[in-house]
Amino acid sequence: AECTILLLPLDVGNRSGVVGCGFWNDTCGGLDMVLVWEIVYCAVASMVVIVVPFTIFYYEAASEHKKGKERLWWTATKYMVVTLIVAVGLLVIGYSFLRQTYIP
């Protein structure tokens, strides 16, 4: 999340400072900020959907089982698969019903 906050000044600085830069001229700036923003959004989404839930599931499995790490990984992975199925299902349902908006 901090990356998205720090990218805003970079985006502004990448577009400004050169005479003739504007929305009509895409050659200004040295970075393709659309690609950078998409990479950051994908990184944030993967952290929210994969990394953070897996660490929580691993911690909870460690408090329940006192046996080997293999069992902890397996338990966390099972819960993670269920979480991914639910997340992908919600995304598919949401996109199929809410893909178009009508602005009055």
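These questions and answers walk through a predicted model.

Residues are numbered from 1 along each chain as its sequence is written.

Me: What pattern does the protein chain follow along the sequence?
Reply: Helices (H or I, at least four residues) and strands (E, at least two) are DSSP runs, numbered from the N terminus. The chain has three helices and zero strands. Read along the sequence, the pattern is α-α-α.

Me: What percentage of the 104 residues in the protein chain is buried?
Reply: Buried means under 20% relative accessible area, exposed over 50%, and partly exposed in between (1.4 Å probe, protein chains only). Across the 104 residues of the protein chain, the buried share is 13%.

Me: Is Leu7 buried or exposed?
Reply: Leu7 sits in helix α1. Its relative accessibility is 9%. Leu7 therefore counts as buried.

Me: How far apart in space are Leu7 and Val40, C-alpha to C-alpha?
Reply: In sequence, 33 residues separate Leu7 and Val40. In space, the C-alpha to C-alpha distance is 9.0 Å.

Me: What is the C-alpha separation of Asp11 and Asp32?
Reply: Asp11 is found in helix α1. Asp32 is 21 residues from Asp11 along the chain. Their C-alpha separation is 9.4 Å.

Me: At roughly what angle do the axes of α2 and α3 cross?
Reply: Axes are lines fitted to C-alpha atoms, for helices over the stretch in contact, and angles run from 0 to 180 degrees between N-to-C directions. The axes of α2 and helix α3 (residues 69-98) come within 8 Å. They cross at roughly 140°.

Me: Why is α2 oblique to α3?
Reply: Angles under 35 degrees count as roughly parallel, over 145 as roughly antiparallel, 65 to 115 as roughly perpendicular and the rest as oblique. The α2 and α3 axes cross at roughly 140°. That makes the pair oblique.

Me: How far apart in space are Thr83 and Phe54, C-alpha to C-alpha?
Reply: Thr83 is in helix α3. It counts as partly exposed at 24% relative accessibility. Phe54 is 29 residues from Thr83 in sequence. C-alpha to C-alpha, the distance is 9.3 Å.

Me: Which helix gives the largest share of the nonpolar patch?
Reply: The patch covers about 620 Å², and its residues include Val44, Met47, Ile56 and Leu84. Ile56 is found in helix α2 and is partly exposed, with a relative accessible area of 47%. Seven residues, the largest share, come from helix α2 (residues 33-64).

How values were computed
This is a predicted model: local features need pLDDT of at least 70, side-chain atom pairs count only at pLDDT 80 or more; totals for chains, interfaces and linings use all residues. Side-chain values use heavy atoms; hydrogens and water are left out. Patches are made of residues with over 30% relative accessible area and no salt bridge: like charges are joined within 9 Å, nonpolar side chains (Val, Leu, Ile, Met, Phe, Trp, Tyr) within 5 Å. Accessible areas come from the Shrake-Rupley method with a 1.4 Å probe; for residues, only the protein chains shown count as cover. A salt bridge is a side-chain nitrogen of Lys or Arg within 4 Å of a carboxyl oxygen of Asp or Glu.
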